[in-house]
Amino acid sequence: MTYQVLDSTLKLIAKLQTLASEQQQQVLDFVEFLAQKYAHPQQSPQKRVLGLNLQ
């Protein structure tokens, strides 16, 4: 980990510790949502072109 990442992590933890437990749970829920959303980028299926046969 770089110094900047470590510093950001420590700041985040310090801020989280100042929140009430209900707010901490909301933050956790949001982080899990983001992790799930960006774990598998959704790609739109490519449309088929009729008459195009690439071999």
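The structure is a predicted model, in which local features need pLDDT of at least 70, side-chain atom pairs count only at pLDDT 80 or more, and totals for chains, interfaces and linings use all residues. Residues are numbered from 1 along each chain as its sequence is written, and side-chain values use heavy atoms, with hydrogens and water left out.

**The whole chain**

- The protein chain has two helices and zero strands; helices (H or I, at least four residues) and strands (E, at least two) are DSSP runs, numbered from the N terminus.
- Of the 55 residues in the protein chain, 0% are buried. Here, buried means under 20% relative accessible area, exposed means over 50%, and partly exposed lies in between (1.4 Å probe, protein chains only).
- The chain's accessible surface is about 6000 Å², and carbon and sulfur atoms account for 58% of that. Such areas come from the Shrake-Rupley method with a 1.4 Å probe, and for residues only the protein chains shown count as cover.

- Leucine 6 sits in helix 1, which covers residues 3–17. With a relative accessible area of 40%, leucine 6 is partly exposed.
- Together with Leu10 and Ile13, Leu6 forms a nonpolar surface patch with about 260 Å² of accessible area. Patches are made of residues with over 30% relative accessible area and no salt bridge; like charges are joined within 9 Å, and nonpolar side chains (Val, Leu, Ile, Met, Phe, Trp, Tyr) within 5 Å.
- A salt bridge is a side-chain nitrogen of Lys or Arg within 4 Å of a carboxyl oxygen of Asp or Glu, and the count by this rule is one.
- The partners are aspartate 7 and lysine 11, whose closest N and O atoms are 3.4 Å apart. Both residues lie in helix 1, four residues apart, or about one turn of the helix.
- Aspartate 7 is partly exposed at 26% relative accessibility, whereas lysine 11 is exposed at 53%.

- Leucine 19 belongs to the loop between helix 1 and helix 2, and is partly exposed at 30% relative accessibility.
- Glutamine 24 is part of helix 2 (residues 21–39), and is partly exposed at 31%.
- A polar atom of the glutamine 24 side chain lies 3.1 Å from the backbone oxygen of leucine 19.
- Leaving aside residues up to four places away in sequence, glutamine 24 touches Leu16, Gln17 and Leu19, where contact means heavy atoms within 4.5 Å.
- Leucine 19, counted in that way, touches Gln24 and Val27.

Note on methods. Polar contact = N/O pair within 3.5 Å; in protein donor to acceptor, adjacent residues only side chain to side chain.
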